[in-house]
Amino acid sequence: MRTSSEIETISKRATKAAGFPWGIAEEVGKNIKNLELLGVSGVENLNQYLELVKGVETYGPKEISSENKIEPNSFCPFYTGSALLDSANKVEEIKNLTLYSIDFPILLIPFINRLSDRIGKKIKLQIDERSFLLNLNKFISSDSDLKGLIIENAKIVKIEVQENIDSFQNKVWDQLYELSSETFVEETDRLKENAAGAGLADND
């Protein structure tokens with residue numbers, strides 16, 4: 001069994017050898033390691049994508065908007081993911097984005113997962129008919145079996161920023177707060193005096 005370190009190193013070097021800059025290659029190495037740790041076929045998707053694009057020019061969006069396309073080409077998952085991370089504030093502002101035609105979109109998932117962490121909100125990701133929920137770079141949930149999943153091209157990828165909401169009712173919070181208040185120390189005159197600096201030598 002390959003170690004996480006081996007997966008990261010070989011993925012990084014292979015990405016560089018396929019023509020990508022070192023900065024992108026380093027990000028990809030980390031991403032593939034994370035996908036494999038989550039039980040997603042990162043290595044297989046990466047291998048097939050690099051075979052497809054080695055020596056071929058690839059593209060990402062020049063700027064992020066609500067509708068993103070690059071006809072007649074397809075988006076590169078690496079450059080697209082990097083562009084999304086660089087535009088995290090804009091993504092949070094737009095909230096709902098659509099990207100048309102992305103090669104091997106499974107390789108985009110770790111970028112979006114990190115984007116979720118950067119903006120502090122969950123992100124719903126739709127890859128054609130498959131749905132994913134990315135939670136602050138902690139875990140990925142999906143309505144599909146991710147093990148062995150390879151998607152060569154997605155016609156439509158949708159990104160939806162989810163607003164944070166409490167998972168509990170206000171009544172429950174109030175009860176918990178009331179219990180916690182039993183640890184509060186009542187303020188006494190003595191405490192007030194100490195806080196005001198009482199006990200210091202009088203220099204007059």
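Predicted model: local features only at pLDDT ≥ 70, side-chain atom pairs only at ≥ 80, totals over all residues.
## A partly exposed tyrosine

Tyr177 sits in helix H7, which covers residues 170–180.

Now turn to helix H2 (residues 22–37) and helix H6 (residues 109–119). Their axes come within 9 Å and cross at roughly 90°. The two helices are therefore roughly perpendicular to each other.

Which residues of H2 and H6 meet? From H2 come Glu27, Asn31 and Leu35, and from H6 come Pro110, Phe111 and Arg114. Two of these residues, Glu27 and Arg114, also form a salt bridge through their side chains, with N and O 2.6 Å apart. Because Glu27 lies in H2 and Arg114 in H6, this pair ties together parts that are 87 residues apart in sequence. Glu27 is partly exposed at 23% relative accessibility, and Arg114 is partly exposed at 21%.

## A network of charges

How many salt bridges does a search of the whole structure find? The search gives 6. Some of them join up: Glu92, Lys95, Lys121 and Glu163 are linked in a network of salt bridges.

Take Glu163 and Lys95, whose closest N and O atoms are 3.2 Å apart in a salt bridge. This pair links distant parts of the chain, 68 residues apart: Glu163 is in the loop between strand S6 (153–161) and H7, while Lys95 is in the loop between helix H5 (88–94) and S2. Glu163 is partly exposed, with a relative accessible area of 46%, and Lys95 is partly exposed at 31%.

Glu163 also meets Lys121 in a salt bridge between their side chains, at 3.2 Å from N to O. Lys121 lies in the loop between H6 and strand S3 (123–127), so its pairing with Glu163 ties together parts that are 42 residues apart in sequence. Is Lys121 buried or exposed? Lys121 is buried, because its relative accessible area is 11% and buried means under 20%.

## A buried threonine

Finally, look at Thr98 in strand S2, which runs over residues 96–103. Thr98 is buried, with a relative accessible area of 11%.

What does Thr98 touch, not counting residues up to four places away in sequence? Its contacts are Ser66, Glu67, Asn68, Ile156, Val157 and Lys158.

Notes
Residues numbered from 1 in each chain as written. Heavy atoms only, no water. Helix = DSSP H or I, 4+ residues; strand = E, 2+ residues; numbered from the N terminus. Axes fitted to C-alpha atoms, helices over the stretch in contact; angles between N-to-C directions. Parallel < 35°, antiparallel > 145°, perpendicular 65-115°, else oblique. Contact = heavy atoms within 4.5 Å. Buried < 20%, exposed > 50% of the residue type's maximum accessible area, 1.4 Å probe, protein only. Salt bridge = Lys/Arg side-chain N within 4 Å of Asp/Glu carboxyl O.
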